[in-house]
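Please look at the sequence and the model below. The report that follows covers strand pairing, an open sheet and a helix contact.

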Amino acid sequence: MRILASFSRRIPVSRIAAFFSHKHLAVFCVLLVACLFVAGPSALGAPNTNRSAPKAPSTPAVIKLGAFSYTDARAWFERNGYKTVAGGDGRTLVLKGPGGTLQFEADSREATIHGLRVFLGEAAAAARGSIFVPTVDLQRFLMPMVRPTRLKSVPLRTIVLDPGHGGNDTGTRNLARKLNEKEFTLDVARRLEKLLGQDRWRVLMTRKDDRFVELPERAEFANRAKADLFVSIHFNAVANNPGVRGTETYVLTPQFMRSTSSAKTTPDDGTAQPGNEHDAWSAVLGYHMHRELLTELKTEDRGYKRARFAVLRLVDCPAVLVEAGYLSNDTEAQQIGTAAYRARIAQALYSAIVAYDAARVAAGR
Ligand SMILES: [Zn+2]
């Protein structure tokens with residue numbers, strides 16, 4: 001300012017005006033516009049989107065750990081609308097998003113997805129200051145659960161209900177209370193059939209009375225009927241541990257992955273099963289089943305797991321198997337023995353099918 005002031009004091013204004021003739025002024029204006037153009041829109045007060053936008057999370061890294069491909073879970077979920085809220089140490093990762101909280105622990109197969117206890121195929125791993133999860137889990141299990149709208153939609157016209165066991169096969173039993181699994185699976189399936197029958201779906205059952213049906217026959221029945229959804233209903237039991245109780249939900253184990261109960265991989269894990277065509281929508285179905293059962297029954301969460309049960313392997317549609325409760329636990333056996341509790345189980349399964357239907361419709365838009 002001082003320099004300019006002394007400059008204007010020494011040189012009369014009339015001399016400056018004379019210096020800037022019309023010709024000079026035109027050249028000056030052209031140069032000024034050129035300078036502003038080079039400086040970019042921010043020089044004109046417009047926001048420079050390149051500079052002010054937050055840095056997009058980087059593409060999730062994929063690494064090989066042992067025989068498995070792993071993907072950076074933190075980067076992946078941040079790209080899909082989740083925010084990291086804890087876990088800077090690389091041992092734990094907690095993210096929050098529209099559907100709720102996700103939690104992963106290094107060296108653990110157990111994770112939390114929107115409040116549900118979920119089992120990964122292999123343990124999550126600490127690497128590069130983040131948590132990595134098996135890529136197969138991410139693509140065929142986790143992504144369908146948190147972003148079903150990214151899936152290609154599927155039809156839902158025919159639903160096959162599969163009441164476990166029957167005839168000579170009683171299923172699990174509570175001898176003290178004289179309870180047989182086969183009676184309760186059929187009762188819940190009948191209740192669910194009634195609820196679904198009020199809607200627009202064609203509902204079939206693999207057995208309608210107390211008869212034995214081989215496992216492959218159940219799957220063949222569903223395939224012949226061109227089922228779009230398969231729901232197998234069971235009750236659980238465990239020997240010598242009457243304290244164990246709660247709800248488990250199973251979908252088919254993806255190819256190249258060991259089942260939840262397998263301690264290590266086997267050569268059979270590499271075999272693709274007919275049901276593997278439907279891994280993604282089975283993951284969505286199992287997610288809603290597990291969620292609705294826990295919400296309705298308020299039982300212990302025994303986990304959302306994967307297994308290669310015959311019916312899940314052989315059906316050519318999204319499929320789930322629910323273990324609604326433990327007949328070997330006296331409190332739960334007593335509950336399962338009541339019609340009111342079984343009505344609640346059927347209601348939960350019905351709500352899950354309605355939620356699945358909404359998800360597949362949303363995916364088609
Ligand atoms: Zn069973």
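Which residue takes a positive phi in the hairpin of β5 and β6? Asp107 does, with a phi near 65 degrees. The model is predicted.

Strands of a sheet pair through backbone hydrogen bonds, either parallel or antiparallel. Strand β4 covers residues 92-97, and strand β5 covers residues 100-105. They run antiparallel and are joined by 6 bridges. The hairpin between β4 and β5 passes through 2 residues. Gly97 has Gly100 of β5 as its bridge partner.

Strand β5 also pairs with β6, residues 110-113. These two strands run antiparallel as well, with 3 bridges between them. Phe104 is bridged to Ala111 in β6. Their hairpin has 4 residues between the strands, and Asp107 with its positive phi belongs to this hairpin.

## The open sheet

Another part of the model is an open sheet of 4 strands. The strand order is β1-β2-β9-β8, and the pairing is antiparallel. Strands β1 (62-65) and β8 (125-127) form the edges, each pairing on one side only. Direction ignored, neighbouring strands of this sheet are turned by 40 degrees against each other on average.

Within the sheet, β2 (residues 68-72) and β9 (residues 130-134) run antiparallel and share 3 bridges. Tyr70 finds its bridge partner in Pro134 of β9. Helix α6, residues 135-146, packs on the sheet. The helix touches β1, β2 and β9. The direction of α6 makes about 70 degrees with that of β9.

## Helices α7 and α12

Two packed helices are described by the angle between their axes and the distance between the axes. For α7 (residues 181-197) and α12 (residues 339-363), the angle is about 50 degrees and the axes are 9 Å apart. Angles under 35 degrees would count as roughly parallel, and 65 to 115 as roughly perpendicular. The two helices are therefore oblique to each other. The crossing of α7 past α12 is right-handed.

Which residues meet in this contact? From α7 come Phe184, Asp187, Val188, Arg191, Leu192, Leu195 and Leu196. From α12 come Arg342, Ala343, Ile345, Ala346, Leu349, Tyr350 and Ile353. By class, the contact has 11 nonpolar residues, no polar ones and 3 charged ones.

Conventions. Residues are numbered from 1 along each chain as its sequence is written. This is a predicted model: local features need pLDDT of at least 70, side-chain atom pairs count only at pLDDT 80 or more; totals for chains, interfaces and linings use all residues. Two strands pair if DSSP finds at least two bridges between them. Axes are lines fitted to C-alpha atoms, for helices over the stretch in contact, and angles run from 0 to 180 degrees between N-to-C directions. Angles under 35 degrees count as roughly parallel, over 145 as roughly antiparallel, 65 to 115 as roughly perpendicular and the rest as oblique. A crossing is left-handed if the near helix is turned anticlockwise from the far one by less than a right angle, and right-handed if clockwise. Two residues are in contact if their C-beta atoms, placed from the backbone, lie within 7 Å. Ala, Val, Leu, Ile, Met, Phe, Trp, Tyr, Cys and Pro count as nonpolar, Asp, Glu, Lys and Arg as charged, and the others, Gly among them, as polar.
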